There are 2 protein chains.
Amino acid sequence: MIDFRFISPTQFVFGRNAEEALIKESSKLGGKILLHYGGGSIKNSGLYDRVKEYLAKAGTKVVELGGVKPNPVLSTVREAIDLCRAEGITGILAVGGGSVIDSAKSIAIGVPYDGDVWDFYSGKATVAEALPVGVILTIPAAGSEGSNGSVVTDEDTRSKFASGSDLMRPVFSLMNPELTFTLSPYQTACGITDMISHVMERYFTNTEDVGLTDRLGEALIRTVIDAAPKVMADPEDYEARAELMWASTVAHTDIVGLGREDDWASHQIEHELSAQYDVAHGAGLAVVFPAWMTHVRKENLERFIQFAVRVWDVDYVAGREDETALEGIRRHKAFYESIGMPTSLSALGVTDNRYDIMADKAMRDGPFGGLKKLSKEDVIAIYTLAEG
Amino acid sequence: MIDFRFISPTQFVFGRNAEEALIKESSKLGGKILLHYGGGSIKNSGLYDRVKEYLAKAGTKVVELGGVKPNPVLSTVREAIDLCRAEGITGILAVGGGSVIDSAKSIAIGVPYDGDVWDFYSGKATVAEALPVGVILTIPAAGSEGSNGSVVTDEDTRSKFASGSDLMRPVFSLMNPELTFTLSPYQTACGITDMISHVMERYFTNTEDVGLTDRLGEALIRTVIDAAPKVMADPEDYEARAELMWASTVAHTDIVGLGREDDWASHQIEHELSAQYDVAHGAGLAVVFPAWMTHVRKENLERFIQFAVRVWDVDYVAGREDETALEGIRRHKAFYESIGMPTSLSALGVTDNRYDIMADKAMRDGPFGGLKKLSKEDVIAIYTLAEG
């Protein structure tokens with residue numbers, strides 16, 4: 001186990017009508033907030049009106065900025081930072097999923113910073129201060145409601161970068177599983193894939209003696225696998241929606257990643273894919289992850305065997321270790337297919353070959369990955385394996 | 001799943017030399033702290049000197065109060081509160097295990113309170129304010145380094161009561177597994193029993209649809225079961241000590257108890273035992289818990305079957321459900337014995353019969369327990385089953 005520091009100071013309020021807690025919690029954002037959201041779905045559902053009502057009850061002043069797109073873009077963040085400074089905003093309320101929250105976190109670190117917010121993503125600067133961010137979650141997937149990270153795309157250079165700091169962790173997250181009833185099967189499945197990926201990116205490590213975090217991770221994935229077919233069959237299955245919603249958060253606070261080297265290579269390989277083609281992050285992951293697993297498995301076959309045996313109940317067969325590992329990957333891929341996810345680039349609608357461009361972008365800082373350091377050839381091999 | 005609120009704002013610093021982080025973290029306790037500890041072990045080990053050195057480096061003023069006993073007592077807490085007020089103490093540093101931390105938390109809520117601190121334990125008052133508490137952990141067991149609770153004994157009435165508030169959660173906890181190398185096998189085993197109990201008290205519930213927390217709890221118990229024989233065989237096995245230390249914390253932050261009714265009946269039954277006989281809490285739990293399980297299992301046999309199958313790998317045998325459940329309890333009891341814990345009152349050294357007195361005290365607020373509401377007869381039956 002590697003030494004670690006961990007803090008997760010978010011106040012979570014979970015359950016039916018959780019969003020009502022905004023009346024009490026909003027004071028943590030100060031007296032004048034930026035209400036940040038995406039498209040019209042929160043207006044259609046009535047959530048928007050309720051949020052405005054709660055904020056009015058709390059006596060909070062509100063400036064609005066909607067229209068955040070999936071894979072939030074740098075230009076919108078920069079605009080929002082200017083707006084917040086001009087309006088004297090004291091905190092940001094994100095109502096939505098990972099894109100809205102990541103955008104809110106980016107604004108939160110940008111407002112008190114002298115330079116350009118992109119410095120935090122390019123690695124030129126470290127976060128020293130941030131406005132408080134509160135969340136009303138509507139899409140369980142990214143785990144941004146409890147995490148220390150934010151991912152933003154610079155649309156000019158098609159670069160999708162991440163920044164991380166505990167100062168970005170939301171001060172509160174209000175989580176009502178009923179708000180997720182209206183998610184489409186596709187959105188739901190993308191979310192499921194994303195949350196499972198967040199566990200797997202921590203699970204596949206070469207760090208030894210990580211028994212507790214291994215088992216916590218397996219617990220999370222198995223729970224998601226149990227709940228997934230239930231929500232696909234009945235989108236209003238409260239209990240299954242609740243399991244997924246809380247699982248998405250726990251998967252990404254980092255409680256399953258403590259004390260171990262993690263491996264975000266597949267996430268990065270997917271980021272290049274979604275930066276090029278603007279595909280949904282979850283769908284991209286369902287394509288990239290099994291290919292990555294297949295490509296790197298022999299670096300630490302024991303770990304892939306453990307995954308197969310403990311998560312997918314594959315029988316361990318002495319002398320056929322690689323088959324055991326591969327059977328785990330096969331079942332994992334079949335699970336994605338069972339919830340309607342694409343597991344090949346062609347199923348994702350990617351028919352041209354930009355592997356070289358994407359691999360170059362992925363290699364910008366040299367070889368990357370924890371379990372196996374990937375070269376450009378590795379990345380191209382993974383895209384090729386993902387062709388299907 | 002039941003609606004819940006959850007916050008765990010403690011900054012955990014985990015690993016070799018974690019206590020050095022005190023130099024940086026101590027400012028969270030303000031400028032003048034109460035250094036609170038137990039017996040001489042931290043002086044013998046050199047930890048005491050290092051702590052003083054770190055505090056001096058940080059420029060923190062220090063008032064000392066050592067001598068906290070296992071099962072901390074109300075009179076010491078009251079004395080400490082007076083001392084803190086007289087000295088203008090701004091925060092409390094607990095160096096030790098659960099007893100020292102619980103005592104520190106009690107002082108922390110008592111200092112800013114107008115009335116008697118016992119009001120928080122008797123249920124007469126709710127915590128509205130607390131001094132910050134920091135922790136350097138030396139005994140992994142109680143989980144108090146991350147929990148919202150404190151247990152104190154009123155030695156005059158032999159009453160052991162608990163109080164809970166998120167305001168009591170430590171602001172930081174510094175956790176170095178090497179500090180636990182010198183724990184005796186008995187202390188180690190008591191700690192193991194305590195941390196497992198904290199999971200089981202949440203696990204045995206009638207709340208339905210708690211898939212994630214079930215699996216997280218099973219993950220914790222299985223990890224502790226894996227690590228236990230390693231530390232018993234080699235007290236300086238860093239990796240196994242590390243697993244136990246972090247498991248003890250996660251077991252009691254409440255992450256495995258969210259969204260479900262819990263059941264602290266066995267804890268309460270043990271508290272009466274340790275209030276009467278001053279036995280180690282962990283050892284008392286090893287005696288009481290299997291008896292409680294045996295007595296209540298038919299209230300929710302399915303849950304005891306799940307425990308047997310998933311934690312102890314018992315084969316589920318159709319038509320022999322009760323035997324499946326009992327086999328789980330049997331293996332659990334055998335595990336306690338394998339680490340040198342007593343599993344009967346006689347092995348604990350309790351030879352007289354005060355069941356009636358203890359049951360009366362346990363019943364002070366009427367029937368208690370989540371999975372099964374226990375009557376006085378139930379409590380006596382459990383003590384009787386525990387005779388061995």
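I began with helix α8 of chain B, residues 211-233, which has 23 residues and reaches 34 Å from its first C-alpha to its last, close to the 33 Å expected at 1.5 Å a residue; the expected span is 1.5 Å times one less than the number of residues. Helices here are DSSP runs of H or I with at least four residues, strands are runs of E with at least two, and both are numbered from the N terminus. I noted that the model is predicted, that local features need pLDDT of at least 70 and side-chain atom pairs count only at pLDDT 80 or more, while totals for chains, interfaces and linings use all residues. Residues are numbered from 1 along each chain as its sequence is written, and chains are lettered from A and ligands numbered from 1 in the order in which they are written.

Where does α8(B) kink? I found a kink of about 25 degrees at Ala227(B), shortly before the proline Pro229(B), the bend at a residue being the angle between axes fitted to the seven residues ending there and the seven starting there. In chain A, α8(A) also has 23 residues and reaches 34 Å from its first C-alpha to its last, with a kink of about 25 degrees at Ala227(A), shortly before Pro229(A).

**The two chains together**

I next looked up the contact, which takes 30 residues from chain A and 30 residues from chain B, two residues being in contact if their C-beta atoms, placed from the backbone, lie within 7 Å. On the side of chain A that touches chain B, β1 (4-14), α8 (211-233) and α9 (238-253) of chain A each supply at least two residues. I sorted the residues of that side into 15 nonpolar, five polar and 10 charged, where Ala, Val, Leu, Ile, Met, Phe, Trp, Tyr, Cys and Pro count as nonpolar, Asp, Glu, Lys and Arg as charged, and the others, Gly among them, as polar.

Which way do β1(A) and β1(B) run? They run antiparallel and are joined by seven bridges, and two strands pair if DSSP finds at least two bridges between them. Among the partners, Arg5(A) is bridged to Val13(B) and Phe4(A) to Phe14(B). Within chain B, β1(B) pairs in the parallel sense with strand β8 (residues 172-175) over four bridges, and there Phe14(B) stands opposite Met175(B).

I then checked how the copies are related: a rotation of 180 degrees with 0.0 Å of shift along its axis superposes chain A on chain B, with RMSD 0.0 Å, by least squares on the C-alpha atoms of residues with pLDDT of at least 70 in both. That is the relation of a two-fold axis. In chain A, the C-alpha nearest the axis belongs to Pro9(A), 1.9 Å from it.

**Inside chain A**

I read that chain A is divided into domain 1 (11-179) and domain 2 (185-385), with bounds from an automatic or database domain assignment. Their centres, taken over C-alpha atoms, are separated by 26 Å, and the contact takes 18 residues from domain 1 and 25 residues from domain 2.

Last, I looked at strands β6 (residues 149-154) and β7 (residues 159-164) of chain A, which pair in the antiparallel sense over six bridges, with Ser159(A) as the bridge partner of Asp154(A). Their hairpin has four residues between the strands, and in it Arg158(A) takes a positive phi near 50 degrees.
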